[in-house]
Amino acid sequence: MSNVKKGLISSILLVAESLAKKLIGVVSTLILARVLVPEDFGLVAIATLFMGFLDVLANTGTTQYLLRSDTIDSDTVNTSWTIDLILRTFIALVMIAVAPFVSDYYEDSRLTAIFYVFAALMIFRCLGNPGVAFLRREQNYAPLVKVSIIAKFLSVSIAVSIALIFESYWALILGQCANGITMVAGSYFIHPHKPKLTLINAKEQWHFSGWLIPQSILGYFRTQLDTIMVSSTFGKASLGSYHILKYLAFIPSSEILLPATQPLLVELNKTKNDATLFARQFNISFIGTMLLALPISGFMASQHQLIIYVFLGPNWVEYSELFACFSLLIPAFAILNQARRVLVVFGKTKHMLYYEVVSFLTIYGSLFLIGLEDLFLFGAMRVGLENAICLIFLIYITSSYTGLRNCLRLLTISLPALIAVVVASSVVNMVSLDTHYKVLNLILNGFIFMSLFVLTLSIIHYSAARKTEEWGYIEGLITKGISLLKSKIA
């Protein structure tokens, strides 16, 4: 099977997995929201911030290391597993010690027990089979997808059952525990590798991963400090709206863009020794990513009121501008990931730390200066700064690793997708249908938006863009995909 076909199938599988898991999650949320009180969700939201911090503290970048390495063996995989186990166990124990102090800060003693459970879960997740790295290297994601979906289904079933019986916030906690247990158990069914403790090439791996840990910490605070600031200033009601709308706006990034573009790291790594091929692959992967990110972001921003009404109800519509704001972070997320892939491919992980330091100081230095009197102004400033810094970072990375001329070329050939989104967003707001049934209205507006996007992009493509190597290649991929789909149907 060709590399292109493998990459395409891998992307489809990972997107399907994320969408299936998110669909299950949305259904469970709708059920849980009618059983549990808002304070339960607020309590778990605080604990989730804690768990997120645990994860970034222990992010040694083993997955990236194993994917970028030219070859890996059992010793390499086992060393990565051992490093993870040692670091995550140490961090979990430290966080258990400080949990009571965090509970005192939020003035809720219930958080202590939740923190203890999350810390134990973190250690348990380290016991999973590291042999799944071989499956990722081979882009054989089918077994991983099956286990992941089964784990999600079981965790949701347990969470909903506990909520219906006991009406307790522990339903949300134990649901996550069930997911972790299933993922660990399932990893041993899908690959025969047997892990063992070893640190044979730990020095080499730590040289790569050592820069990722502080970068991950700064990255976490860069994405979550605004939520922490809101929780400390506005109280639980504002925290709830800010946290939930931000979470909803990030779903396309975490559940569509991230899994769909994950195989790009392997493909970029294969061309790193040929400057011309690398620049070409970089441009193609960036345009492909933007063709996903821009229309999703544009539709969410232009239809923010309708989307919030359908998914959260009329009581949340007054906060929908925050959702529109956060949806504009989707392209920034895609841009940042594209730049990071280049640094991972060339082993320049310390530059990612430099980026996190600069972006953190810039974003939050500015936010502290403007204050928190207006929640929407706060969110808009945070999003605007993030987009600007990500774009500057992309320009720097592209210029440094593919040349200034290619950087200018990349920005130019990316314009068709941006123009198509602007046209579709502008027109759909003028001609969109307003029916009594909001769900139908949203579907119709989505159809109009995508039709306008595809039409505008096609006009630009056949007028000029297809003459470029990158757009010509993408056209060929789409044509092959359509032919393959037709043959499968026939």
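**Labels and the values behind them**

Analyst: Leaving aside neighbours within four places in sequence, His304 is in contact (heavy atoms within 4.5 Å) with Ser320, Glu321, Phe323 and Ala324. His304 has its place in helix 14 (residues 304-312). This is a predicted model: local features need pLDDT of at least 70, side-chain atom pairs count only at pLDDT 80 or more, and totals for chains, interfaces and linings use all residues. Residues are numbered from 1 along each chain as its sequence is written, and side-chain values use heavy atoms, with hydrogens and water left out.

User: Why does His304 count as buried?

Analyst: Buried means under 20% relative accessible area, exposed over 50%, partly exposed in between (1.4 Å probe, protein chains only). His304 has 15% relative accessibility, so His304 counts as buried. In the protein, buried residues make up 51% of the 490 residues.

User: How many helices and strands are there in the protein?

Analyst: There are 22 helices and zero strands. Both are DSSP runs, numbered from the N terminus: helices are H or I with at least four residues, strands E with at least two.

User: What makes helix 13 roughly antiparallel to helix 15?

Analyst: Axes are lines fitted to C-alpha atoms, for helices over the stretch in contact, and angles run from 0 to 180 degrees between N-to-C directions. Helix 13 (residues 275-302) and helix 15 (residues 320-327) pack at about 165°, with axes 8 Å apart. Under 35 degrees counts as roughly parallel, over 145 as roughly antiparallel, 65 to 115 as roughly perpendicular, and the rest as oblique. Therefore helix 13 is roughly antiparallel to helix 15.

User: Which residues of helix 13 and helix 15 meet?

Analyst: Ser297, Met300 and Ala301 in helix 13 meet Phe323, Ala324 and Ser327 in helix 15. The contact divides into four nonpolar, two polar and no charged residues. Here Ala, Val, Leu, Ile, Met, Phe, Trp, Tyr, Cys and Pro count as nonpolar, Asp, Glu, Lys and Arg as charged, and the others, Gly among them, as polar.

User: Why is helix 13 called roughly parallel to helix 19?

Analyst: Helix 13 and helix 19 (residues 404-413) pack at an angle of about 25°, with axes 10 Å apart. That angle makes helix 13 roughly parallel to helix 19.

User: How do you know that the span of helix 18 agrees with its 28 residues?

Analyst: The expected span is 1.5 Å times one less than the number of residues. For helix 18 (residues 375-402), that should be 40 Å; the end C-alpha atoms are 40 Å apart, so the two agree. Just after helix 18, Gly403 takes a positive phi of about 100°.
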